Amino acid sequence: MSSIDKANDLIYETLMSLIEFNNSDLSLKQKKELSEIIDDLEEVRHILFEMKNEIKSSVS
């Protein structure tokens, strides 16, 4: 399995775990922790968007 496939699998597993957590009965503390994780993922999304743009510009 390539590094790209492993990274893709990790992202998918992380998202599925977060969906499971979100659908379960969480305490207030756990909800806050989940919210912080989602905030971190939003920051990661911005970084990924920048990386994608750099890749597109280097390929074209």
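The largest share of the nonpolar patch, six residues, comes from H2. The model is predicted: local features need pLDDT of at least 70, side-chain atom pairs count only at pLDDT 80 or more, and totals for chains, interfaces and linings use all residues. Residues are numbered from 1 along each chain as its sequence is written, and side-chain values use heavy atoms, with hydrogens and water left out.

**Exercise 1.** Find how many helices and strands the protein has, and how spread out it is.

*Solution.* Start with the count: there are two helices and zero strands. Both kinds of element are DSSP runs numbered from the N terminus (helices: H or I, at least four residues; strands: E, at least two). Next, take the radius of gyration over C-alpha atoms; the globule rule is 2.2 Å times the number of residues to the power 0.38. The radius is 15 Å, well over the 10 Å that the rule gives for 60 residues, so the protein is more spread out than a compact globule. Finally, the C-alpha atoms fill a box of roughly 50 × 25 × 15 Å along the principal axes.

**Exercise 2.** Work out which residues form the nonpolar patch and which elements give two or more residues to it.

*Solution.* Patches take residues with over 30% relative accessible area and no salt bridge, joining nonpolar side chains (Val, Leu, Ile, Met, Phe, Trp, Tyr) within 5 Å and like charges within 9 Å. A salt bridge is a side-chain nitrogen of Lys or Arg within 4 Å of a carboxyl oxygen of Asp or Glu. Areas come from the Shrake-Rupley method with a 1.4 Å probe, and for residues only the protein chains shown count as cover. The members are Ile11, Leu15, Ile37, Leu41, Val44, Ile47, Leu48 and Met51, with about 670 Å² of accessible area together. Helix H1 (3-23) and H2 are the elements giving two or more residues.

**Exercise 3.** Decide whether Ile11, Ile37 and Glu43 are exposed or partly exposed.

*Solution.* Buried means under 20% relative accessible area, exposed over 50%, and partly exposed in between (1.4 Å probe, protein chains only). Ile11, in helix H1, is partly exposed because its relative accessibility is 48%. Ile37, in helix H2, is also partly exposed, at 39%. Glu43, in helix H2 (residues 28-59), is exposed, at 52%. Glu43 also belongs to a surface patch of negative charge, together with Glu33, Glu36, Asp39, Asp40 and Glu42.

Note on methods
Lys and Arg count as positive and Asp and Glu as negative; His and the chain ends are not counted. The place of a charge is taken as NZ of Lys, CZ of Arg, CG of Asp or CD of Glu.
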